[in-house]
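Visitor: I'd like to learn how to read a few features in a structure like this one. Could you walk me through it?

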Amino acid sequence: MGFMLSKSMDQNFKKQQEFMLHNARLQMERQILMQNQMRERQMAMQIAWSREFLKYYGTFFSLAALGLTIGAIKKKKPVLFAPVVPLSFVLAYQMDMAYGTLIYRMRGEAESIMVSEHERLDLPHGVPNFESIEKARRAKTALGSLFEK
């Protein structure tokens with residue numbers, strides 16, 4: 001009788017473990033999907049910001065280039081045209097960021113860094129773990145209790 005009860009409990013325990021493992025896997029998959037969606041939304045906002053900034057900067061650049069060109073011609077001083085050169089580099093960068101392939105080149109470079117220069121990505125004192133976080137929490141609560149006295 002005790003053996004049958006023990007066998008039944010073992011089967012139920014195994015089923016419960018499988019169920020918990022399945023739920024943990026589902027929760028992790030949902031977490032990964034949610035984090036990826038948040039990353040995609042942040043990237044979309046960054047690209048949208050770049051495009052919006054490009055509109056304003058493009059207008060500024062056009063007016064500045066026009067004004068500096070007219071000033072250089074009227075005053076016969078080609079030096080007045082000089083600021084257009086660095087401003088055009090900024091415009092080209094913003095255009096590449098908003099509509100070009102900059103994001104793909106950055107992604108490729110990031111993948112290369114992750115493969116060939118992984119040591120650059122290490123955090124100081126390594127990856128936080130439970131013990132280090134708990135130690136910091138205890139130190140903080142100990143300090144808080146000292147200040148309260």
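Guide: Happy to! A search of the whole structure, which is a predicted model, finds 5 salt bridges.

Visitor: Which side chain meets K55 in a salt bridge?

Guide: The partner is E52, with N to O at 3.4 Å. K55 and E52 are separated by about one helical turn because they sit 3 residues apart in helix α1. K55 is exposed, at 52% relative accessible area, while E52 is partly exposed at 36%.

Visitor: What about R137: which residue does it form a salt bridge with?

Guide: With E134, where the closest N and O atoms are 2.4 Å apart. Both residues belong to helix α4 (residues 130-148), again about one turn apart. R137 is partly exposed, with 43% relative accessible area. E134 has 15%, and the cut-off for buried is under 20%, so E134 counts as buried. E134 and R137 are also linked with R138 in a network of salt bridges.

Visitor: Is Q94 buried or exposed?

Guide: Q94, in helix α2 (residues 84-99), counts as buried because its relative accessibility is 8%. Leaving aside residues up to four places away in sequence, Q94 touches S50, F53 and L54.

Technical notes:
Residues numbered from 1 in each chain as written. Predicted model: local features only at pLDDT ≥ 70, side-chain atom pairs only at ≥ 80, totals over all residues. Heavy atoms only, no water. Helix = DSSP H or I, 4+ residues; strand = E, 2+ residues; numbered from the N terminus. Buried < 20%, exposed > 50% of the residue type's maximum accessible area, 1.4 Å probe, protein only. Contact = heavy atoms within 4.5 Å. Salt bridge = Lys/Arg side-chain N within 4 Å of Asp/Glu carboxyl O.
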